[in-house]
Amino acid sequence: MYTVLTIPRLLAKHRSLFAQMVIRNIEMRYRGSVLGLIWSFAHPLLMLAVYTFVFGIIFKARWGIDTLDQNRAAFPLIMFCGLMLFNLFAESVNTCGALIVQNPSFVKKVVFPLELLPLCTVATTFIFGLAWLCLLFVGIAIFLQTFSWTMLLLPLTLLPLLLFTAGISYAVAAFGVYLRDIPQLVGVVTQILFFMTPIFYPVSLVPENLRWLLTLNPLTPMVEETRKLLLYGQQPDYLLCLGLWLLAFFIFQLGAACFCKMKKGFADVL
């Protein structure tokens, strides 16, 4: 029977297997490529360079914060921060859509803990996401030339994002076995969320009567609060962060419970 402690106990019991699978995913990501793991830094670095050129130099875009708008590189960094968080979520969820279907051999092994598969995918994505975070810190050091103690509070927003992403990934992986249209559906939904998340625009630009649409997206406060910590040097809304933690924990438990209940029929469907 599934309980709140099911997944933590599973991780503790199979921590060695979990670590091996994550390492395997990391090695397979760029296996056979010339640059290998260098791509994990090259890709976001190229993205940051393009954003800086297009939005900072050509369009001379501004975010509406006087202390940052004086710096042309501030706008690309603000966007890069939002894009980093969104990619952590979207890549994990999109990968899990066909995760179980693509690994039928694991399903047929009675002793294999299938609950580890979505978690390994999310963990791998977040590990590669560290490259984005490192480049963001480098960009802050070079272009903004300022660091704030609020950066130490980054776990307040990253950990809820991790839990929330894992919960959604569990649900998507489970339903993807029974509904083969799930990967395509998830791709469309994440594309919609991309534009419904304040990545390329501040929330203040959205008409007040339509801002409630953004509040329906849990990624919105996660992105906004993370920017406060990393770029604005502001303390987060602690009450809002508490709400994010509770929501993320609920989604994680709901997704994990759904996966544990539905996995009994995986072998029959596959």
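This briefing looks at two helix pairs and the largest pocket of the structure above. Do keep in mind that the model is predicted. Helices H5 and H7 pack against each other at about 175°, and both also supply residues to the lining of the largest pocket. Elsewhere in the text you will meet H11 and H12, whose axes cross at roughly 135°.

**The largest pocket**
- The largest pocket holds about 370 Å³ of space.
- Sixteen residues line this pocket, and Arg24, Asn25, Thr95, Leu99 and Thr121 are the closest to its centre.
- Three helices each give the lining at least two residues: H2 (15–29), H5 (74–96) and H7 (116–144).
- By class, the lining has six nonpolar, seven polar and three charged residues.

**H5 with H7**
- The axes of H5 and H7 lie 9 Å apart, at an angle of about 175°.
- Angles over 145 degrees count as roughly antiparallel, so H5 is roughly antiparallel to H7.
- In the contact of H5 with H7 there are 17 nonpolar residues, together with seven polar and one charged.

**H11 with H12**
- H11 (residues 219–232) and H12 (residues 238–262) have axes that come within 11 Å and cross at roughly 135°.
- That angle makes the two helices, H11 and H12, oblique to each other.
- The crossing of H11 past H12 is left-handed.
- On the H11 side, the contact is made by Pro221, Met222 and Glu225, and on the H12 side by Leu240, Cys241 and Leu244.
- Sorted by class, the contact of H11 with H12 comprises five nonpolar residues and one charged residue, with no polar ones.

Conventions
Residues are numbered from 1 along each chain as its sequence is written. This is a predicted model: local features need pLDDT of at least 70, side-chain atom pairs count only at pLDDT 80 or more; totals for chains, interfaces and linings use all residues. Side-chain values use heavy atoms; hydrogens and water are left out. Axes are lines fitted to C-alpha atoms, for helices over the stretch in contact, and angles run from 0 to 180 degrees between N-to-C directions. Helices (H or I, at least four residues) and strands (E, at least two) are DSSP runs, numbered from the N terminus. Angles under 35 degrees count as roughly parallel, over 145 as roughly antiparallel, 65 to 115 as roughly perpendicular and the rest as oblique. A crossing is left-handed if the near helix is turned anticlockwise from the far one by less than a right angle, and right-handed if clockwise. Contact means heavy atoms within 4.5 Å. Ala, Val, Leu, Ile, Met, Phe, Trp, Tyr, Cys and Pro count as nonpolar, Asp, Glu, Lys and Arg as charged, and the others, Gly among them, as polar. On a 1 Å grid over the protein atoms alone, a cavity is a set of points where a 1.4 Å probe fits but cannot get out, and a pocket is an open set with protein on both sides within 12 Å along at least five of seven lines; lining residues have an atom within 4 Å of a point. Grid points are joined across faces, edges and corners, and a volume is the space filled by probe spheres set on the points.
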